[in-house]
Amino acid sequence: TPVNVDETLAGHAQDEVQAVASLPPTTHQQIDLTAVLFLQKAKTGALLNQLLAAIAGLDKPTCIHGLAKDGVWYPLSTEHEATEFTRIACSLQLADRSGAISSQTLQSFQQSIDNIGLQLGAQIEWHGPADPLRYATELDQFCIDVDVMVGFHLVQGASGPFAGTKFRGLAEAAGLVLGSDGSFQCIADNQPVLYSLVNQDKTPFSAEMLRSTLIRGISFQLDIPRVKNSLEVFNQMVLLARQMENSLSANLVDDKQRLLGDTQIEIIRQHLKKIHAKLVARGILPGSASALRLFS
């Protein structure tokens, strides 16, 4: 009979600490509902992949790991078809940028786990909120509240539009690279994009267009939940924007086209700090693997 070992996510009781330790390291208690299946007899990854195929078709991200005899959790992939597993962990992400899970998705996931458990003769432990649907809705609302893109704009000044070639030279000199989406991106140490520069008229930047185009405005964008050191990155972004403002004879403005001085920049900086603190308080560290999953 399935048992719910986590009646609540609050508190730090010793049994909950042990339960968390028994899960794959990529599983996150704040965003996942996880079923752990204890197998009576070790099964190969190939066999388990066949049984677990139904879970992969859901409209919310799922993750499946197997605990091998060496005590290590491995993703159930083609690389581990011959590996024998004694325990399976199946996680369903409760929300992402497209919203919270639906009752249908939750029901499909739970029924699939129950059916697989019966086929394997496995005991099932559920790790996560006692009321997943309610929790998912609340998590989704939290995400909406903190899913903030901070930024500002660099627009043409009295000298008129600026040359794409000059803008590109400044961007590349600052270490930015032209991404496949047509934005200039700041990327460091194999991290996700730290911040982006996009064309205000929505036309993607390309090497060809920058050679012959005059630019009227660009937007600097920083996706707070997806950046680890967002305050530090924001300061770097401001520094580059000020340099470009001078070099291009442009004006730095906010969303309402008002000039941005140091006071206005500081207001944005304080707002950024508040969002960062809310995420940390929730146990979702900005820029972490779990934050990248949740805000994707």
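This is a predicted model: local features need pLDDT of at least 70, side-chain atom pairs count only at pLDDT 80 or more; totals for chains, interfaces and linings use all residues.
Helices here are DSSP runs of H or I with at least four residues, strands are E runs of at least two, and both are numbered from the N terminus. By that definition, F220 sits in strand β15, residues 217-223.

Residues are numbered from 1 along each chain as its sequence is written, and side-chain values use heavy atoms, with hydrogens and water left out.

First, confidence. pLDDT is the predictor's confidence in each residue, on a scale from 0 to 100. The mean for the protein chain is 90, and 93% of its residues reach 70 or more. Residues 5-21 have a pLDDT below 50, and this stretch makes 25 contacts in the model beyond near neighbours in sequence. Contact here means heavy atoms within 4.5 Å.

Next, the overall picture. The protein chain contains nine helices and 16 strands. Its C-alpha trace spans about 75 × 40 × 35 Å along the principal axes. Of the 296 residues, 45% count as buried, where buried means under 20% relative accessible area, exposed means over 50%, and partly exposed lies in between, with a 1.4 Å probe and protein chains only. Taking contacts in the chain with a separation of 6 or more, 70% come from residues 24 or more positions apart.

Is F220 buried or exposed? F220 counts as buried, because its relative accessibility is 1%. Leaving aside neighbours within four places in sequence, F220 is in contact with V150, G151, F152, L154, S196, L197, M237, L240, A241 and M244.

A89 lies in β5, residues 84-93, and counts as buried at 1% relative accessibility. Beyond four places in sequence, the contacts of A89 are P24, T34, A35, V36, C63, I64, H65 and W73. A89 and D32 are 57 residues apart along the chain, with their C-alpha atoms separated by 11 Å. A42 belongs to β2, residues 32-44. Not counting residues up to four places away in sequence, A42 touches K69, E84, F85 and T86. From A42 to N190, the C-alpha separation is 37 Å, and the two are 148 residues apart along the chain.

Now helix packing. Axes are lines fitted to C-alpha atoms, for helices over the stretch in contact, and angles run from 0 to 180 degrees between N-to-C directions. How do α7 and α8 pack, and at what angle? Helix α7, residues 230-247, packs with helix α8, residues 262-282, at about 155°, with axes 10 Å apart. Therefore α7 is roughly antiparallel to α8; angles under 35 degrees count as roughly parallel, over 145 as roughly antiparallel, 65 to 115 as roughly perpendicular and the rest as oblique. From α7 the contact takes S230, L231, F234, N235, V238 and R242, and from α8 it takes D262, I265, I268, R269, L272, K273 and H276. By class, that contact has six nonpolar, three polar and four charged residues. Nonpolar covers Ala, Val, Leu, Ile, Met, Phe, Trp, Tyr, Cys and Pro, charged covers Asp, Glu, Lys and Arg, and the others, Gly among them, are polar.

Helix α8 also packs with α4, residues 132-146: their axes come within 10 Å and cross at roughly 155°. So α4 is roughly antiparallel to α8. Y135, E138, L139, F142, D145 and V146 of α4 meet I275, K278, L279 and R282 of α8. The residues of this contact divide into six nonpolar, no polar and four charged.

Last, backbone angles. Most residues other than glycine have a negative phi. Which loop holds S249? S249 lies between α7 and β16, the latter being residues 250-253. Its phi is positive, about 55°, although S249 is not a glycine. S249 counts as partly exposed, at 37% relative accessibility. Q257, in the loop between β16 and α8, also has a positive phi, near 65°, and is a residue other than glycine. Q257 is partly exposed, with a relative accessible area of 46%.
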